[in-house]
Amino acid sequence: MLIPRGLLADSAGPGQDAHAGPPGPDWPLPPAAEVDVLVVGSGVAGLSAALAAPAGRTVLLATKDRLGHSATRYAQGGIAAVLDLVDDSVAEHVADTLTAGAGLCDPVAVRTLVEEGGQAIADLLARGVGFDSDPSGPRQLARTREGGHSRSRVVHAGGDATGAELERALTEAVRATPSVRSVEHAFLVDLVTHDGRVTGALLWADGGPHLVRAGAVVLASGGAGQLFADTTNPPLSTGDGIAAALRAGAVLADMEFVQFHPTALHVDGDPRPLISEAMRGEGAVLRDDDGSPVMAGVHPLGDLAPRDVVTRAVAARMAATGARHLWLDATGIPADHLERRFPTILARCRAAGIDPSRQPIPVSPAAHYLMGGVLTDLDGRTSLPGLFAVGEAACTGVHGANRLASNSLLEGVVFAARIGRTLKEPEAVDNPAQPHSGVGYAPPPGDPPAAGRGQARVVRERLRRVMTDRVGVVRSGEGLAEAMAELERLNVDLGDPGPAGFEAANLVQLGRAVAELAARREESRGGHWRSDHPAPVEAWRVRQTLTRSPDGGLDTGLLAVPTAEEAHR
């Protein structure tokens with residue numbers, strides 16, 4: 001499979017910039033908009049990045065849906081942070097994160113995340129986020145424990161509606177900030193480069209392309225859960241920013257590591273409702289059809305083991321018994337506590353005819369989080385000057401092979417603040433290149449193909465099925481080879497361009513990236529489990545990188561991972 005230099009770029013030769021060719025006759029581009037900072041994505045990472053931009057910088061926040069509609073609003077559990085140095089410590093949170101990451105976390109990035117977590121919570125409180133309070137003490141935040149954590153350090157809002165509360169408060173803050181303008185229903189098609197530097201982006205809005213010139217572009221466009229048929233991610237999670245960065249020549253990393261949450265509600269739906277592991281933190285137990293505890297004897301932390309451990313145990317028990325799902329038993333938790341702590345989950349269960357206070361909840365694994373993304377440093381810089389990434393679209397090295405529960409929202413806030421401080425540097429926001437008069441795209445002669453969105457839908461459905469069956473919780477060399485062969489046969493016709501086709505093309509390209517690195521990694525570690533290589537291999541305690549080669553192929557590389565001891569030297 002060849003990766004194009006741009007979804008709508010003309011066939012520029014080597015050394016030429018995408019979108020630098022003559023304009024297509026039927027798609028004239030209006031004069032380019034120009035801003036200091038373009039932020040793509042309106043989840044917690046994008047909103048935080050827009051708000052963190054230094055005073056005096058003009059910011060445009062572009063979102064493919066509406067402000068307030070992102071994957072963030074689906075987050076239930078909360079944000080992990082060390083707020084009590086008596087009962088918790090930075091060292092313990094760091095250790096828990098490193099353990100969950102299965103040997104592939106960047107220890108410097110992890111320590112940065114944890115040390116700056118308390119300030120991140122303070123900043124969110126100042127923005128008006130209403131975290132749940134602890135009635136035992138004045139001005140104390142309620143905290144719970146989740147999988148992989150040795151202490152109760154996860155703060156939450158609305159019981160199990162933390163993401164929705166973050167989205168509400170940060171959206172209101174963005175709307176109240178004069179220097180930040182926002183545009184809704186604007187789809188990121190491609191990044192624009194000039195002499196190796198990202199100088200803006202091509203957005204699709206109102207049925208056509210629009211060029212935005214920017215001194216810096218921040219990708220906060222989320223993950224790619226829609227690669228899989230069963231996912232907790234909304235339909236908009238199609239990896240658009242990661243795919244655009246790949247086409248532009250940025251380095252990706254850790255793309256083989258996909259976290260499958262062990263307890264998604266087993267009902268028809270896209271996305272599948274998440275049953276937060278905070279419920280297990282309050283005492284719920286995973287059981288099989290016979291009522292036997294699934295995690296008994298599997299891990300010292302039992303039901304609160306890291307997610308990859310629990311997911312593999314669930315998948316193994318389902319395979320051994322032939323069950324299509326297992327059960328999460330919360331009947332031992334007092335009903336009034338369930339109502340107060342998990343109102344969103346209870347409402348979704350009851351809508352499906354399930355009362356968790358009286359009966360166990362049917363659950364099964366679903367794709368939840370992509371540990372990989374656009375490789376960045378500690379300040380969000382990517383391998384391309386002018387391009388930053390944050391949140392699930394980025395790969396900071398914090399999560400390693402498996403993300404620790406409730407570290408993702410924290411990562412979005414902490415590293416967005418670091419990007420904001422970096423954007424104060426004069427060289428971080430360069431003057432964008434001169435605008436091009438048009439985009440190098442011309443529709444084929446004749447009427448546009450009738451297939452259009454229908455063809456893209458078929459491609460997307462086939463992709464999601466093969467990724468679930470061959471690149472899901474359990475993988476094998478044979479299955480991965482079959483997946484890559486099937487992905488080679490998938491083709492998205494962009495003769496009639498639009499978001500449906502763009503999304504399908506992005507998913508096909510990222511599906512190949514995930515499968516390629518998964519096939520190369522001949523071991524099992526974290527979110528990557530190979531039935532033909534079921535144990536971790538010390539020689540594979542390295543991170544894999546991926547870039548687009550000049551001919552459109554995929555070039556892979558390796559990154560060494562320092563130990564915590566080496567990082568402190």
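Phenylalanine 260 is buried, with a relative accessible area of 9%, where buried means under 20% relative accessible area, exposed over 50% and partly exposed in between, as found with a 1.4 Å probe on protein chains only. Phenylalanine 228 is buried as well, and its relative accessible area is 2%. The model is a predicted one, in which local features need pLDDT of at least 70 and side-chain atom pairs count only at pLDDT 80 or more, while totals for chains, interfaces and linings use all residues. Residues are numbered from 1 along each chain as its sequence is written, and side-chain values use heavy atoms, with hydrogens and water left out.

**Aromatic pairs**

A search of the whole structure finds 3 aromatic pairs; rings of Phe, Tyr and Trp (its six-membered ring) pair if their centres lie within 6.5 Å, and planes under 30 degrees apart count as stacked, over 60 as edge-to-face and the rest as tilted. Two of these pairs are set out below.

| Pair | Centre to centre | Angle between planes | Class |
|---|---|---|---|
| Phenylalanine 187 and phenylalanine 502 | 5.6 Å | 40 degrees | tilted |
| Phenylalanine 228 and phenylalanine 260 | 5.2 Å | 75 degrees | edge-to-face |

Helices (H or I, at least four residues) and strands (E, at least two) are DSSP runs, numbered from the N terminus. Phenylalanine 187 belongs to strand 7 (residues 187-194) and phenylalanine 502 to helix 14 (residues 499-520), so their pair ties together parts that are 315 residues apart in sequence. Both phenylalanine 187 and phenylalanine 502 are buried, and ring pairs link Phe187, Trp204 and Phe502 into a cluster.

**Cavities and a pocket**

Rolling a probe the size of a water molecule over the atoms shows where empty space is left. On a 1 Å grid over the protein atoms alone, a cavity is a set of points where a 1.4 Å probe fits but cannot get out, whereas a pocket is an open set with protein on both sides within 12 Å along at least five of seven lines, and lining residues have an atom within 4 Å of a point. Grid points are joined across faces, edges and corners, and a volume is the space filled by probe spheres set on the points.

By this rule there are 4 cavities of 30 Å³ or more, and the largest cavity holds about 90 Å³ of space. Its lining includes Phe260, together with residues such as Arg307, Asp308, Asn402 and Trp529. Strand 11 and helix 8 are the elements that give two or more residues to this lining, and helix 8 provides the largest share, 4 residues. By class, the lining of the largest cavity has 4 nonpolar, 5 polar and 3 charged residues, where Ala, Val, Leu, Ile, Met, Phe, Trp, Tyr, Cys and Pro count as nonpolar, Asp, Glu, Lys and Arg as charged, and the others, Gly among them, as polar.

The second largest pocket contains about 590 Å³ of space. It is lined by 23 residues, of which Asp230, Met318, Pro365, Thr468 and Val473 are the closest to its centre. Two or more residues come from each of helix 8 (307-321), strand 14 (361-370) and helix 12 (452-470), and strand 14 gives the most, with 4 residues. This lining has 12 nonpolar, 5 polar and 6 charged residues.

**Strands and sheets**

Strands of a sheet pair through backbone hydrogen bonds, either parallel or antiparallel, and two strands are said to pair if DSSP finds at least two bridges between them. Strand 1 (residues 33-40) and strand 2 pair in the parallel sense over 4 bridges, with valine 37 opposite valine 59 in strand 2. From strand 1 the chain passes through helix 1 (residues 44-52) to strand 2 in a right-handed β-α-β crossover, a term used if, with the strands pointing away from the viewer, the path from the first strand over the helix to the second runs clockwise. Strand 2 also pairs in the parallel sense with strand 6 (residues 180-183), again over 4 bridges, and here valine 59 stands opposite valine 180.

In strand 2 (residues 59-62) both faces are covered, as Val59 and Leu61 on one side and Leu60 and Ala62 on the other are all buried.

Elsewhere, 5 strands form an open sheet of mixed pairing in the order 17-15-10-18-19. Strand 17 (394-395) and strand 19 (554-560) stand at the edges with a single partner strand each, so one side of each is left without a neighbour in the sheet.
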